[in-house]
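Please read it with the model open beside you.

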Amino acid sequence: MADVYELLVSVDLHDLTEAEAVELQWHLGLAPMPAARGVVPDHTEPVFTEDGRIDGETGPWPLLAGGGPARRIGGVLFSAMARDGARWALTSRQELHPDEFEDVGGLLAWLHARALDSVGFRCHLRFYEDCGFEEVDVVNGETVWP
């Protein structure tokens, strides 16, 4: 786990259906996996045998569900989601490996499309050894990693 990044996401969302809210809570590690999922297409990863052959797949898994002490970035990993009337507030601090960027990027693009307004989506990333963060943006529905 040498290439580790810190991801910070803060977004205010509107117009979520109950099913979308439940699925987001699952992705944040706050609820069990719902029977139907539509926020992010099902994502799986290969399971390898000791000699490197693919032996099936695992998944889907919640994308921003890390919790407790961080392994490399220091501090605590967490995700939270709260409702205020029709608005939902979501915040997450996670450790990511670059292999996770594609799947997490799909979730970030979905969140960006449902952000309350132009400043309702804030997302930043830093390599665990760096001091400063760079902005993660979404352009034309695609997450742009720094």
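1. Start with helix 2. Its buried residues are F101, D103, V104, G105, L107, L108, A109, W110 and L111. Buried here means under 20% relative accessible area, exposed means over 50%, and partly exposed lies in between (1.4 Å probe, protein chains only). An α-helix has 3.6 residues a turn, so residues three or four places apart point the same way.

2. A word on the source. This is a predicted model, in which local features need pLDDT of at least 70 and side-chain atom pairs count only at pLDDT 80 or more, while totals for chains, interfaces and linings use all residues. Residues are numbered from 1 along each chain as its sequence is written, and side-chain values use heavy atoms, with hydrogens and water left out.

3. What covers the buried residues of helix 2? The cover includes strand 1 (5-14), helix 1 (18-27), strand 6 (87-96), strand 7 (121-127), strand 9 (137-139) and strand 10 (142-144). Helices (H or I, at least four residues) and strands (E, at least two) are DSSP runs, numbered from the N terminus.

4. Helix 2 covers residues 101-113, 13 residues in total. From first C-alpha to last it reaches 18 Å, close to the 18 Å expected at 1.5 Å a residue. That expected span is 1.5 Å times one less than the number of residues.

5. Now the whole chain. It has two helices and ten strands. Along the sequence the pattern reads β-α-β-β-β-β-β-α-β-β-β-β. Of the 146 residues, 36% are buried. The accessible surface is about 8100 Å², and carbon and sulfur atoms hold 50% of this area. Areas come from the Shrake-Rupley method with a 1.4 Å probe; for residues, only the protein chains shown count as cover.

6. Contacts deserve a look too. Take residue pairs in contact and at least 6 apart in sequence: 58% of these contacts join residues at least 24 apart. Contact means heavy atoms within 4.5 Å.

7. In which order do the six strands of the open sheet run? The order is 4-5-6-1-7-8, and the pairing is antiparallel. The edges are strand 4 (68-69) and strand 8 (134-135), each pairing on one side only. Two strands pair if DSSP finds at least two bridges between them.

8. S10 has R122 as its bridge partner in strand 7, and V9 has C123. Strand 7 also pairs with strand 8, again antiparallel, over two bridges. There, H124 is bridged to E135 of strand 8. Strands 7 and 8 form a hairpin with six residues between them.

9. Where do the helices sit against these strands? Helix 1 lies across strand 1, strand 5 (76-84) and strand 6, running at about 165° to strand 5. Helix 2 packs on the sheet and touches strand 1, strand 6 and strand 7. The direction of helix 2 makes about 25° with that of strand 1. Axes are lines fitted to C-alpha atoms, for helices over the stretch in contact, and angles run from 0 to 180 degrees between N-to-C directions.

10. Salt bridges number four. The rule asks for a side-chain nitrogen of Lys or Arg within 4 Å of a carboxyl oxygen of Asp or Glu. E6 bridges to R93, with the closest N and O atoms 2.7 Å apart. E6 lies in strand 1 and R93 in strand 6, so the pair ties together parts that are 87 residues apart in sequence. E6 is buried at 4% relative accessibility, and R93 is buried at 13%.

11. R87 and D12 also form a salt bridge, at 2.7 Å from N to O. R87 is in strand 6 and D12 in strand 1, so this pair links parts 75 residues apart in sequence. R87 is partly exposed, with a relative accessible area of 27%. R87 meets D84 in a salt bridge as well, at 3.6 Å from N to O. Shared partners join E6, R93 and R126 into one salt-bridge network.

12. Finally, check two backbone angles. D15 has a positive phi of about 55° although it is not a glycine. D15 sits in the loop between strand 1 and helix 1 and is exposed at 62% relative accessibility. N140, not a glycine either, has a positive phi of about 50°. N140 is in the loop between strand 9 and strand 10 and is exposed at 78%.
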